[in-house]
Amino acid sequence: MSQPFRTTRAPSQGAAAGAVGARRSAVALAALAALAAVLVAVLLASTARTAPTASAYEEPSPRQHAEAERADRALWGEGIGVVTRVEWDREPGQPTLVVVHGQGFTAFAWPSLEPLRGLRNVEADPPAADAALPAADQVRQAESWMRARFPWAARAAASSWPVGDTGRRVVSWRHVVDAVLMPMRLDIVVDRAGGIVSFSAVDEPDPPLPPVAVDAARARAVAAAARPGPSLGTPVLLAVPSGGGWRPAWSFPVASATSEAPGAGPGDGPGMLVDAATGELLS
């Protein structure tokens, strides 16, 4: 069963973690939006699989094309329109088939056909925020979609926030164990009418980790000494892949003065990782 939904902070992961763990958990979840760029790179790297037999630059076989199209229609329904092409993702990492359909695209891991990310261009113009469904209704729509397609995310705590003045809302699931943010994640964007606009998913079991022995202040000193100058944002304590296993690490977003993305700010530049067990700089 999923944790109770909260719009501002997620509940702590049990009384055993204590008051300190609860405070750390709340800080970790509240800072996720600012760390999106860092987390996506780290968490997608955690799902690497064996490369497919065919080169990533060859066309998918007829069987792969047919299976990916069936998976796409099972995910979104028949209303997605005509599938125009199926191709290999050109990015390095796990083998991924991308299905391009009339309303957008979906990326599936191969050969499991696990949905990784997808987008539907269902609205031509951003609607006014005051025309949107109530936030609670949008969250219920996302929860329903999650339970039907990503039931593994039900173990995690959910939070949500509006997407500017578009009337859309992000509903996000993250799992925190002993104050450490686990690799699993699910983000679903819901439009003002309750339709699913996009999603991004990583189904990763909670890995075993060494105990945390380095606090945020000490980790900040290590990061600042290694990279003086740029302002370090609020850190998140999370599990990161390292040396074939997983480590707890403090992730510091770094302010970027050159980012041209709308709303750019702390967390848009390259982040810094400090091992929370040893104090070693990881990146």
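Start with helix 4 in this predicted model: select 135-149. Helix 4 runs for 15 residues and spans 21 Å from first C-alpha to last, close to the 21 Å expected at 1.5 Å a residue.

Now show side chains on Gln138, Val139, Ala142, Glu143, Trp145 and Met146, the buried residues of helix 4. Look down the axis: these buried residues fall within an arc of 165°, so they line one face of the helix. To see what covers them, bring up helix 3, strand 5 (157-162), strand 6, strand 7 and strand 8, which are among the covering elements.

Next, the largest nonpolar core, with 32 residues. Pick out Trp145, Met146, Phe150, Trp173, Leu186, Ile188 and Phe199, the residues with the most contacts inside this core. Colour by element and you'll find at least two core residues each from helix 3 (62-76), strand 1 (85-88), strand 2 (96-101), helix 4, strand 6 (169-177), strand 7 (180-190) and strand 8 (196-202).

Zoom in on Ile188. Setting aside neighbours within four places in sequence, its contacts include Ala142, Trp145 and Met146, along with Val171, Trp173, Ile196 and Phe199.

Then hop to a second, separate core: 15 residues, including Val214, Leu237, Val254 and Met272.

Last stop: Asp275, in strand 11 (residues 272-275). Is Asp275 buried or exposed? Asp275 counts as buried, because its relative accessibility is 2%, under the 20% cut-off. A polar atom of the Asp275 side chain sits 3.1 Å from the backbone nitrogen of Thr278. Beyond neighbours within four places in sequence, Asp275 is in contact with Val214, Arg247, Pro248, Ala249, Glu280 and Leu282.

Notes: Residues are numbered from 1 along each chain as its sequence is written. This is a predicted model: local features need pLDDT of at least 70, side-chain atom pairs count only at pLDDT 80 or more; totals for chains, interfaces and linings use all residues. Side-chain values use heavy atoms; hydrogens and water are left out. A nonpolar core is a set of buried Ala, Val, Leu, Ile, Met, Phe, Trp, Tyr and Cys residues joined through side-chain atoms within 4.5 Å. Buried means under 20% relative accessible area, exposed over 50%, partly exposed in between (1.4 Å probe, protein chains only). Helices (H or I, at least four residues) and strands (E, at least two) are DSSP runs, numbered from the N terminus. Contact means heavy atoms within 4.5 Å. The expected span of a helix is 1.5 Å times one less than its number of residues. The arc is that of the directions from the helix axis to the C-beta atoms. A polar contact is a pair of N or O atoms within 3.5 Å; within protein, one must be able to donate a hydrogen and the other to accept it, and residues adjacent in sequence count only if both atoms are side-chain atoms.
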